[in-house]
Amino acid sequence: MTISRRAFLTAAAASSALALLPTGRPDAATAASSASALPFSLPVEADRGRRLTNLAHLRFLLAEVPVAASATHTTFGIESDPRVRAPWTYAESDGAGGYRPVGGGTRDAVTGYWTQGAYNADDIARAAVVFLRDWKASGDVQSRDEARDVLRSLAFLQTVSGPNAGRVVLWQQEDGTLNPSAIPVELPDPSDSAESYWLARTVWAFGEGYAAFAAEDAAFAAFLLERLHLCLDALSRESLSRAGRFVRSDGRDLPAWLIAGGADATAEAMLGLAAAAEVGDQRSRDALSTYGEAVAAMATDPRGGWPFGAVLPWTGSLGFWHAWGAAAPEALGRAGALLRRRDWIRASVADAGTFTPQVLASGGPHNAWAPLPAEAQIAYGGHGRVAGALAAAAAGGGEGLRLIAGLAAGWFFGANTAGQPVYDPATGVTFDGVETDGRINRNSGAESTIHGLLTMLLLDANRDVAALATSITGLSSFSGLRVLEAESARLSAGCIVERPAGGAWTGEGNLSGGAFVRVPAGETVEFDVTEADGILHALIWQRAADAGDAVWEVFRGSKRLWSTRTPAGGTGDRGLTEADGMLVPQRIGDLPGDAVVVRCTSRGDVRLDALVIQPAVATAVYATSSGSAVLYAEGTGRDQRVAALAPGAGRAYEADGSQRGQAVGGGKVRVRGGGFTVTR
């Protein structure tokens, strides 16, 4: 299950090196172990004709749940079949290759109840999507029957009458009892008192379920459509009712009609709405159009620096992107193609073709860029990068995006910070995460299993992408963003290093290194930059009010090469955000290819966190079963010729994935301005 955004941010503030384990996971401290050889072998370049998708572990997690109809909760066929199936939330490794299913939180010794619950709507909804997609891909009637039962389970969690009709209770105990208020408290509380991530995912599952069963079982399809419309009734009382209105976020107007304030949640709902719209449901089509406008409004300009064309997930911060739940490029690509919205497709392609290469060159799908990449890597994040690139390619992007998808999917087969496979095609197990220090969390709960399988379903449907992904055996090197901490630079006498008592989290992002330097007017900070071929970004904790400027100068010896200014404040009204000001890297200029000194002089009251250097050409080198594959991602917008990091042939691509000829010649690799090259 996905932890709440608030819980995620609290954990992110605590440490940028530890894995983010779900709230209340039992024995979390023992879950991670040092990387070691895995007890399974992997397919070589997907050429054996076998499917990568294996539902065995997800089926192991399924439990039969008794349900009884009430005035507020019921489901399809409950009179004749008063049991449904739902996946356990977590599964702990027993250390011997097996797993123990567990619920969320701790189990009461007397009642047997979990403080959160045994099962949850988030995972039930997404498990239904896995079974539905597997059934449609393989024709497996077992998957069809499991999809039906899991959808019936999800429908039971939906409140059908009263003021909360259409919304969804999050947690359920083993005996079928619903738990609207978990311990610790999650918002909304009770969980069906407002729209939520689990309501958005219910829309996803009901939409795909209706589309899948429409030609198979008219009665069940009609039931799912009725429940989907009940979801839309609830959403019409909240986010949909705000369509066209905006909220203020650090001086910027952002859409007020995102579900729970998130493009992440809204994008997952869009996937279900698109499926239902494709088989003719006009109400879903209308809602898809409305929500698509909101998600597209969260897109960023790939030429404007951070976050390099990504779709931001949350109206609560302009400096925070997270990998979990990052379905926006997938949703915009699919909805853009369906509704013929080229602007949505462009946003999808920018996220896939500009941002994802930067993610890969930074070591993979770290949970958070807040605003610098850190945190653990999980299957949720890996799946989002693969699905987004494939959706963007299908919507009109070039073939190069399929290569990006293949490299991103390599995360499951060893291209991660552990250097080890985290998906086992022999059992269907996907490990719960990889920490930045290389430790693997060898638990395998529902969420990781689900997103691993959603990725494998995509690979099975795209064998060329699967061939690249499964050929990857490790991540040999990468050169993403480089950070020079202000507190480690040369400080003039009046500078003050401050470490906030509350820790690194500002309310909207994490201070790099947990500290910043207060630079009063006239004081200076100097950085020695020895590897200076790249783009310079200033990370200043800006204020809402005007706080003067930072003057930046770049010197080679005594010669000043250039200078510029960046604001130390003036972000404007904080609006709905939790803190005054914002922490977002500001692109300030390009650096030459030799050693320089970068000087920051305060012309006000500057809170300087760090200097961030984006390589002119960021790279990721992958070990494969037949040599190396190398990704080169250009950031300056100018064509480059760089030394090859490994022998091989390849093609250059524009940022939209369109091919621009052969890339290798004379020991040099050509990279298109703002685009990427892949050699093998």
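Me: Which residue of strand 8 is the bridge partner of Trp171?
Reply: Asn179. This is a predicted model, in which local features need pLDDT of at least 70, side-chain atom pairs count only at pLDDT 80 or more, and totals for chains, interfaces and linings use all residues. Residues are numbered from 1 along each chain as its sequence is written, and side-chain values use heavy atoms, with hydrogens and water left out.

Me: What makes strand 7 and strand 8 a pair?
Reply: Two strands pair if DSSP finds at least two bridges between them. Strand 7 (residues 171–172) and strand 8 are joined by two bridges, so they pair; they run antiparallel. Strands are DSSP runs of E, at least two residues, and helices are runs of H or I, at least four, both numbered from the N terminus.

Me: Why are strand 6 and strand 8 called edge strands?
Reply: The open sheet has three strands in the order 6-7-8, with antiparallel pairing. Strand 6 (119–120) and strand 8 (178–179) each pair on one side only.

Me: Why is Thr354 called buried?
Reply: Buried means under 20% relative accessible area (exposed is over 50%, partly exposed in between; 1.4 Å probe, protein chains only). Thr354 has 15%, so it is buried. Thr354 lies in helix 10 (residues 342–361).

Me: What does Thr354 contact, leaving aside neighbours within four places in sequence?
Reply: Pro302, Phe308, Val349, Ala655 and Gly674. Contact means heavy atoms within 4.5 Å.

Me: What makes a set of residues a nonpolar core?
Reply: Its members are buried Ala, Val, Leu, Ile, Met, Phe, Trp, Tyr and Cys residues, joined through side-chain atoms within 4.5 Å. The largest such core has 163 residues; Leu151, Leu459, Tyr622 and Leu631 have the most contacts inside it. Helix 5 gives the largest share, 11 residues. A second, separate core has 28 residues, including Leu484 and Val519.

Me: Which residues of helix 14 are buried, and what do they pack against?
Reply: In helix 14 (residues 463–471), the buried residues are Val465, Ala466, Leu468, Ala469, Thr470 and Ser471. They pack against helix 11, helix 12 (400–409), helix 13, strand 18 (472–478) and strand 29 (617–624).

Me: How do the residues lining the second largest pocket divide by type?
Reply: There are 14 nonpolar, two polar and eight charged. Nonpolar covers Ala, Val, Leu, Ile, Met, Phe, Trp, Tyr, Cys and Pro; charged covers Asp, Glu, Lys and Arg; the others, Gly among them, are polar. A pocket is an open set of points on a 1 Å grid over the protein atoms alone, where a 1.4 Å probe fits, with protein on both sides within 12 Å along at least five of seven lines; lining residues have an atom within 4 Å of a point.
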